[in-house]
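Reader: I'm new to this one and would like to go through it slowly. Could you show it to me before we start?
Author: Of course, here it is.

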Amino acid sequence: MKVLKFGGTSVGNPHAIEQVCDIIKNNNLQDRCAIIVSAVGNTTDMLVKCGQLAYHKNEKYRYFIEEIEIQHLNIIRALFPSQSNFISSIKKRLNFLEIFCDSIFHVMELSKRSLDRIMSLGELISSYLFYEKIKEYGFKTIWKDSQELIVTDERYGCAQVDIIKSYKKIQYFFSIESAPYAILPGFIASSPRKEVTTLGRGGSDYSAAIIAAALKAEVLEIWTDVSGIMTADPRIVLQAFPIENLFYEEAIELSNLGAKVIYPPTLHPVIEKQIPILVKNTFSPSEKGTRINNAPCFKHSVTGISVKKNMTMITLKGIGMINILNYLKRLFTVLSREKIQVLFFSTSEHSILLGIEESEVMQIKNSINNEFSQEIDKKYLFPVLVEQDLSIITVIGDKTKNMHRTSARMFITLSKNNIYIRDLAYNVSKKNMSAVIKNSDFKKALNVLHETFFEIPPKPINLFVAGIGKVGRKLLEHISIQKTYLIKELQIQVMGLCNSKTMYFEEQGIDVKNWKKNLESGNRMRLHRFIEKIHLMNMHNSIFIDATDSQDVARTYDKLFVKGIGVITCNKIACSSSYKDYKNLKKIARYFKVPFFLETNVGAGLPIISTLNDLLNSGDKIHLIEAVLSGSINFIFNHFKSGRTFSETVREAQKRGYTEPDPRIDLSGIDVMRKILILVRECGDSMELSQIRQKPFLPEECVKANNVESFYEKLSQYENYFGRLREEAKNKGKKLRFMAKYEKGNANVELKSIGPEHPFYQLEGDDNIILYKTQRYYEQPLIIKGAGAGAEVTASGILSDIIKASR
Ligand SMILES: Nc1ncnc2c1ncn2[C@@H]1O[C@H](COP(=O)(O)OP(=O)(O)O)[C@@H](O)[C@H]1O
Ligand SMILES: N[C@@H](CC(=O)OP(=O)(O)O)C(=O)O
């Protein structure tokens, strides 16, 4: 005998029901089956709503009744094209619902008992409907109302099962019934007075487990919409994957502490009878799913991670606690009398901390205060202290496998990600480790812990891009083109965007292809709001991309680092301002262990900074850095040939986009100074911009011109001077290069004429070149050369930094 349970999602629509029929069909009558069915999709929620709205005199309950009717009639129409006469029996139940809710509306009374009658309709209808469908396959099938088999007490809403009576009834029924398939509604049962009761929300699993245990079934199969019990809730952790094998105890912990797939009481009857449970996916039946039993198998040290949201911590504390006799016994007696489930427990000499469901707090707070009223009056204890809006996150593992290491990793991961830990505790069984955190951190905590315990790099990255100018646009274009690899494989997603006017966010990830439309629909841009929103979204592995040239944006980095958010920037301002600020940023990023990558600050996408870091980190010593770091100046001097004026050449460079809109920014040399300064600092030297020696080649009058046009005018007055520079170099067989140099603690930038013996002589177009003469690369210095400017290569440099951050 097999017992199969199909959850609400497995009978949620006609396609799903057909899918279930196929699963049963493939069973091929090899095994006798008891098939337990839940209510269609969200029917139970809607039924509860009907009752509550009617009770509150809100006519909207009729709308929900209609919704339920439409939902079921649509399924019937799709599954039974030639209308069937069983519809009348379903309509009868729906009419009952209407009459029942009408009377609740009039008398304004809704007891738990009445609510159970209402909720029972979901399973009664779905199981009957399913029974009619399975009959069409020609299988000998019967439908049996579980109310006649499962007996409970009268605790309506979550009744306690009378196991002995129920087992007897179940065994008797199946002994006299010969049909190979029996379809039964889950979730419902009856009291000794034959009133409908329910087994608690999610209780269909429990119905199936009771039937499986009574019949000593060979297996209990729970069919749902995911491929087994996963390492974490797959709605929160995209990387979660099914756990192949679980011990009963681990499954209890996982489900008790938040994994919704299995209703926790389910496990007790089947554990007692040592019946294996198989959790399978209705929509992907060939997948293995999760097997729960006690058979030895290979296990990771951590099995899964669960999270319970909306928990409340209550603290009983006082310096008199050590003198109070039996205080623990008294406390637990209160808890057990009030039937409060404690999900977190930690003690110290003077205090006890308990984690319970938010809904139970008022009741238990008063009871504990009453129990200890004398001690509170004598000031041995404080009245119970309540803290709300908390979550309990639990790593479930095997105690034999280094739980102390697991707890250390858990603590480090949470704190490194800036997640406040209210408390941390081993659970009594020593098979798991729980942390109390803020509700607002639960998603991030679950993701980072999953990453630590289960994932190998690359890790998913959540991006926030500031500045959609030339570089920002190209970056989004690259991400869109590389979508399959970046988004699907590496799970790099853009979550927020802004330009100087608007900002736009999407928690599920922005469709980068339509960034323009999205941004247009965004809110007015305010830098502090953009940063606030990134903090509020509180996503794991968040990275801020600075594709602006704004000083204000550069000033936000430290605020991002302290919240665990990394920065990737092509904006040179932050690292070329004061050394103190540069050092501070590096220090904060290192302290919070967040990426701070600035490869594109020098030479766009060329690996100039990463190579320098690699050399230094591997113990090499830098003797000399020599570089041409301005693509625009290089372009200008390469194109400043006989027969052309200097101003014409600069205009052409500007027209082709090689210079800034104001070419003086390039020609003044300040940009190159900033670049060499960044390299110097990366070498560990505490240099300031003012310490870089500079020999300007642009006459001061040109630099000081009021605007770009008058700059060009002034420039043309100096054609003789530029012509002379060119001719002098040419006559000596040399070329003009605007070079930056760092040697023996000194840095300078200047226009130099170099001969063919110099490695920079052949530098073409707007290329950059850098030479590192180091202890290891002494005779033959290391040279990096290539396109060192432009949106295309800068964006691809940023993208490489993003990919690096994901590793
Ligand atoms: N650790 C976990 N593993 C698998 N699913 C989980 C886990 N935690 C939460 N879930 C959620 O539980 C859902 C299945 O439970 P439920 O909705 O009650 O299914 P059914 O309708 O089949 O009874 C899944 O869709 C998944 O979103
Ligand atoms: N329909 C009930 C019982 C149940 O177990 O449903 P599901 O199998 O869909 O979780 C509920 O929603 O609580």
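Author: The domain assignment divides the chain into domain 1 (2-298), domain 2 (303-454), domain 3 (461-596) and domain 4 (608-789). Please keep in mind as we go that this is a predicted model.

Reader: Okay, and what separates the centres of domain 1 and domain 4?
Author: Taken over C-alpha atoms, the centres of domain 1 and domain 4 are 74 Å apart.

Reader: Switching topic, what does UniProt list for residues 467-590?
Author: The UniProt record, an unreviewed entry, lists those residues as "domain: Aspartate/homoserine dehydrogenase NAD-binding". In the model, residues 467-590 are 49% helix and 18% strand, and the end C-alpha atoms of that span lie 25 Å apart.

Reader: Which residues does the "Aspartokinase ACT" annotation cover?
Author: According to the unreviewed UniProt entry, the annotation "domain: Aspartokinase ACT" covers residues 314-372 and 393-453. Over residues 314-372 the chain is 37% helix and 25% strand, with 14 Å between the end C-alpha atoms.

Reader: How many cavities of 30 Å³ or more does the count come to?
Author: The count comes to 1 cavity of 30 Å³ or more, and the largest cavity has a volume of about 40 Å³.

Reader: Which residues line the largest cavity?
Author: The lining of the largest cavity is made up of Ile314, Thr315, Leu316, Leu331, Ile352, Leu354, Ile368 and Val384. Strand S11 (302-317) and strand S13 (351-357) are the elements that give two or more residues to that lining, and S11 gives the most, with 3 residues.

Reader: How many of the residues in that cavity lining are nonpolar, polar or charged?
Author: The lining of the largest cavity divides into 7 nonpolar residues, 1 polar residue and no charged ones.

Reader: Now the second largest pocket: how much space lies in it?
Author: The second largest pocket holds about 1,300 Å³ of space. It is lined by 43 residues, and those closest to its centre are Val471, Thr548, Asp549, Lys572 and Glu660.

Reader: Which domains does that pocket's lining draw at least three residues from?
Author: Domain 3 (461-596) and domain 4 (608-789) each supply at least three residues of the lining of the second largest pocket.

Reader: And which helices supply at least two residues each?
Author: Those helices are H15 (470-481), H24 (631-639), H26 (664-667), H27 (670-682) and H31 (791-806). H27 gives the most to the lining of the second largest pocket, with 4 residues.

Reader: How does that lining divide into nonpolar, polar and charged residues?
Author: The lining of the second largest pocket has 17 nonpolar, 17 polar and 9 charged residues.

Reader: Last topic, how many aromatic pairs does the structure hold?
Author: The structure holds 26 aromatic pairs.

How values were computed: Residues numbered from 1 in each chain as written. Chains lettered and ligands numbered in written order. Predicted model: local features only at pLDDT ≥ 70, side-chain atom pairs only at ≥ 80, totals over all residues. Heavy atoms only, no water. 1 Å grid on protein atoms, 1.4 Å probe; cavity = no way out; pocket = protein on both sides within 12 Å on 5 of 7 lines; lining within 4 Å. Points joined across faces, edges and corners; volume = space filled by probe spheres on them. Nonpolar A, V, L, I, M, F, W, Y, C, P; charged D, E, K, R; others polar. Domains from an automatic or database assignment. UniProt positions renumbered as here; feature names shortened; annotations may be inferred. Phe/Tyr/Trp six-rings, centres within 6.5 Å; stacked < 30°, edge-to-face > 60°.
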